[in-house]
Amino acid sequence: MIDIHIHIIPGVDDGSRSLEMSLAMARMAYETGVDHMIVTPHSYPGLYENYAGERLEAKYHGLKEALRAQGIPLRLYRGMEIYGTEDTVSLLKRKKLWTLNHTKYILIEFGFHEEPDFVNEILADCYDAGYRPIVAHPARYSFVQADPQLVYDWYQKGYGIQLNKGSILGSNGKRCQDCALSLLRHGLVHCVASDAHRMGWREPNMDTITQELEKNFGEEYTYMLLEENPGRILDGRVLVGYDPIPYISDEDYE
Ligand SMILES: [Fe+2]
């Protein structure tokens, strides 16, 4: 299995706080079926100032080296969780941000209460500049919970949609869970990732989510979400999915 969203580099954001914790996270991920992982530290101007460069490169290689020394056969790849702002495209063009494993795919998040028009604008700017946005955890955004048709529009525009396992399992509350399950039922999700931050809570265990997805959505859909599309992102190939079902608003019945 390939986890494309995890905060496992120690000491760079609100994820792992130590190398010891990162190794525990890596062991747990590996023992629950993950053998490839795109590490995605936050790059969030003003909060987590992580940009491509020597400092982050050294942290990334430090973790890779530690995995090797501990005999944990988990392969790491570079990535970031980019906080979308007016500067995102410029930072990408200047190679200040890590795309997902050097592909055109970028993992991008927004404020939970952002204006949808602003989100649409930033996503379109990235796409028009040749990048392929993967929208991180849309079910967590209040503007998506209020209007999930936004995700249908993103899907149709060719953006990738990534849900967090915790959103599906209910760790972020019922509104978020209801939204996540609804997006899955509407065929609007390309992949599911851990978005793990530490041990104990928001951890990288993928057992429960695998079982839950298989039980509710079947093996084929689960495989697409956890293996097929994450593998395509890793290799920079086009994503696959089902025919999405739009959200019909009340007005459409009038
Ligand atoms: Fe994240």
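Predicted model: local features only at pLDDT ≥ 70, side-chain atom pairs only at ≥ 80, totals over all residues.
Hi everyone, let me begin with H102, which sits in the loop between α3 and β6. Residue numbers start from 1 along each chain as its sequence is written.

H102 has a positive phi of about 65 degrees, although it is not a glycine. Most residues other than glycine have a negative phi. Is H102 buried or exposed? With 11 C-beta neighbours inside 10 Å, H102 counts as exposed. The cut-offs are these: buried is 20 or more other C-beta atoms within 10 Å of a residue's own, exposed is 12 or fewer, and partly exposed is in between, with C-beta atoms placed from the backbone.

R202 is another non-glycine residue with a positive phi, about 50 degrees. You will find R202 in the loop between β9 (191-193) and α9. R202 is partly exposed, having 19 other C-beta atoms within 10 Å.

R202 also turns up among the contacts of G166, a residue of helix α7 (residues 165-169). Two residues are in contact if their C-beta atoms, placed from the backbone, lie within 7 Å. Leaving aside neighbours within four places in sequence, G166 touches S171, N172, D195 and R202. G166 is buried, with 23 other C-beta atoms within 10 Å. From G166 to A193 is 27 residues in sequence and 9.0 Å in space, C-alpha to C-alpha.

Now the overall picture. The chain has nine helices and nine strands. Its radius of gyration is 17 Å, close to the 18 Å that the globule rule gives for 254 residues, so the chain is as compact as a globular protein of that length. That radius is taken over C-alpha atoms, and the rule is 2.2 Å times the number of residues to the power 0.38. Of the 254 residues, 42% are buried. Taking contacts between residues at least 6 apart in sequence, 75% join residues at least 24 apart.

On to the sheet. What is the order of the strands in the open sheet of six? They run β3-β5-β6-β7-β8-β9, with parallel pairing. Here two strands pair if DSSP finds at least two bridges between them. The edges are β3 (42-43) and β9, each with a single partner strand, so one side of each is left without a neighbour in the sheet. Between β6 and β7 there are four bridges. Y105 has R132 as its bridge partner in β7, and I106 stands opposite P133 in β7. Four of the five residues of β7 are buried, so that strand is largely enclosed by the rest of the structure.

I106 leads us to the core. A nonpolar core is a set of buried Ala, Val, Leu, Ile, Met, Phe, Trp, Tyr and Cys residues joined through C-beta atoms within 7 Å. The largest one has 66 residues, and I106, L107, L183 and V192 have the most contacts inside it. Helix α9 (residues 207-235) gives the largest share, seven residues. Beyond four places in sequence, the contacts of L107 include I4, T40, M80 and I134.

Helix α4 (residues 116-128) has 13 residues and reaches 18 Å from its first C-alpha to its last, close to the 18 Å expected; the expected span is 1.5 Å times one less than the number of residues. Its buried residues are V119, I122, L123 and C126. Seen down the axis of α4, they fall within an arc of 95 degrees, so they line one face of the helix. That arc is of the directions from the helix axis to the C-beta atoms. An α-helix has 3.6 residues a turn, so residues three or four places apart point the same way. On the other side of α4, D117 and D128 are exposed. The buried residues of α4 pack against α3 (88-93), β6 (105-109), β7 (132-136) and α6 (149-157).

In helix α1, the buried residues are S22, M25, A26 and A29. Seen down its axis, these fall within an arc of 100 degrees, so they line one face of α1. They pack against β1 (2-6), β2 (36-39) and α2 (54-70).

Methods:
Helix = DSSP H or I, 4+ residues; strand = E, 2+ residues; numbered from the N terminus.
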